[in-house]
Amino acid sequence: MSSLFLHPVLPFAVAALIVPWVGVPVRRALSLVAPALALASLVALPDGAVYTLDALGHDWVLLRADGLATVFATAFILYALMAGAYAWHDTGRGPKAMSLVLAGAGTGVVLAGDLLTLFFFWEWLTIASLFLIWFGNTQKSWDAGFRYLIFHLAGAIVMLTGVLMLLGEGVTVFEVLPTGTTASWLILAGMVTNAAVPPLHAWLSDAYPEASIFGTVFLSAFTTKSAVYALVRGFPGLELLMWAGVIMALFGVFYAVMENNIRRLLSYHIISQVGYMVTGIGLGTALSLNGTSAHAFSHIFYKGLLMMSAGAVIHATGRGKLSDLGHLAKPLKWTLVLMMIGAFSISGAPLFSGFVSKSMIVSAAAYGERAPVELLLLVVSMGTFLSVALKMPWFTFAGEDRGATVLRPVPTSMYVGMGMAAFVCFITGVIPGATLYRLLPFDAVYDPFTGHHFVEVLQIMTGTALGFWLLRAYLVGKAKTTLDTDYLYRRPLGWLIFGAGDALGAAGQRVAVVNRWALDSGWRVFQFYRTRREPSTLAFQATVVVATLAVIAFLVLGL
Amino acid sequence: MSDRLRNRVTLALVALLVVLVLVEAVLFPYDHPVFPWHHMPGYSAAIGLVFAILIVLLSKTLGAWFLQRPDVDE
């Protein structure tokens, strides 16, 4: 039984249940104590620990702490600690509880050993993310949350159908899945939805920027990387994923170059960077799969750092669009320094984490003689440096003065969270052999510190900087919205819910009226609890709804 | 920013790029060349410069054509 009590999800689950009922100091303490205990549990687990439970007619593998699971779980738990420190001033009961649920669910996904346990935690990720989006507490976050819910429910139904089909065939353990069967295609569709592979990606860039600044910091780490883990485990070497990953990387970086909203720009870069990881999965070699694992680890911290620093800018100025920012280098100099550490890391600059992780995937493409893949990934490197390390900081901290001023200082706690993430970005980039590479699960040898690799990266960065310098006038932020694939379903969805009544006559119009009333009422009820009642009421009701859904799901699946 | 400073930055970037290509050619050629361009010093610099220009112009063109609309927040 000792394994169950050492399950790293337990501290998150217990803390999430306690948080709604206690005062601010205890809530804050729990947001740090829970990940610290989870990390201690993970370290204390013996190598390859497994915990199984025979219940409800199913062999549950609640814990499987092998090498692949451990590298992702370590990153998730460490990041939860840093994000908890960053969000010290976000004392709301609901956001604190749901951020703990999110971190616990992500950890649960990567430690799950069977398909049903995986699906159980997978859905908790959706529920916690949904609430964190809604806690953005604006009409836009409410609407984006609903679109997120519809997208992920559809993905969940598809994935659950595949899981149940496999269970019917007697497959319960989550290992490499057979390809070419209906069940595996359905599960793959569910996984790539959470990985945000285009055209199933728009939920990410739609919803993440609408959460609170603290909510986005948590959201950026868990859902897509859990999906990356699941794809590494279930579909290594599937060539379709290699091309999907390349398209994903290019797509994300292209949209990021156009984007004006800094958190949406960074959201597109989640899609782009996950594209590298998905490419690595499709390549399917030991080096590429190590590269995917290493890059997911690096990405969790540098993307978190970038979201944190973007959040610090929004917190200080009340503005989040490049067209409204500029000339902030002096008052926000430490935020700029920390953002640049994240920017250099995502760009794969020497001495930062991306240098030792991203290059593994690019090298694996070259060694596998995948010429177009190698070239296109190098192009994406250029685009990443252009938009994250040049365009975003230039128009935020330098550029034209658009009247942005620091209205309130960045709290020390935010700097602590950013500093911790920056430390990981730097230390893994300088001594990967003693840190990140020790965690990698597959047997492959790779040395990132060659003279040519240094020069190659510096050439890409300098060439890109020259291009940016010559054409920077074209990149000035404009108050524009960029159309994405969600445009294709927003209108049909709106028509289906509200407009179809016109085509269906009087009865249909009544349905449309009821739909609009239901959605408006939901928003009003949410606002009522957020603004007029004791905040614990919302947290309590959220806990009850979520727990009820979980019990129903558990019973339905178990029986 | 004065024109003189702008030109100096441009020249500095060009000079750095040339130095890096020479360093690659003389000191650090590709360790394990696989594709023909791995034998060409400066291919990374070309990717950086050429595609930076291309992606900026392409995004600008497509944005103006149909991908970007006036901001709904404004």
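The following legends describe close-up views of a predicted model. Local features require pLDDT of at least 70 and side-chain atom pairs count only at pLDDT 80 or more, while totals for chains, interfaces and linings use all residues. Residues are numbered from 1 along each chain as its sequence is written, chains are lettered from A in the order in which they are written, and side-chain values use heavy atoms, with hydrogens and water left out.

View 1. Helices are DSSP runs (H or I, at least four residues), numbered from the N terminus.

**View 2. The aromatic pair Trp142(A) and Phe146(A).** Rings of Phe, Tyr and Trp (its six-membered ring) pair if their centres lie within 6.5 Å; planes under 30 degrees apart are stacked, over 60 edge-to-face, and the rest tilted. Over all chains, the structure holds 27 aromatic pairs. In this one, the centres are 5.2 Å apart and the planes stand at 85 degrees, so the pair is edge-to-face. The two residues are four apart in helix 7 (residues 139-168) of chain A, and therefore separated by about one helical turn. Trp142(A) is buried, at 6% relative accessible area, whereas Phe146(A) is partly exposed, at 25%.

**View 3. The aromatic pair Phe297(A) and Phe301(A).** This pair is tilted, with 5.2 Å between the centres and 55 degrees between the planes. Both residues are buried.

**View 4. Met191(A) in the largest nonpolar core.** A nonpolar core is a set of buried Ala, Val, Leu, Ile, Met, Phe, Trp, Tyr and Cys residues joined through side-chain atoms within 4.5 Å. Among the 206 residues of this core, Met191(A), Phe222(A) and Leu231(A) touch the most other members. Helix 13 of chain A contributes the largest share, 17 residues. Beyond its neighbours within four places in sequence, Met191(A) has contacts (heavy atoms within 4.5 Å) that include Leu118(A), Trp122(A), Met159(A) and Phe235(A).

Key:
Buried < 20%, exposed > 50% of the residue type's maximum accessible area, 1.4 Å probe, protein only.
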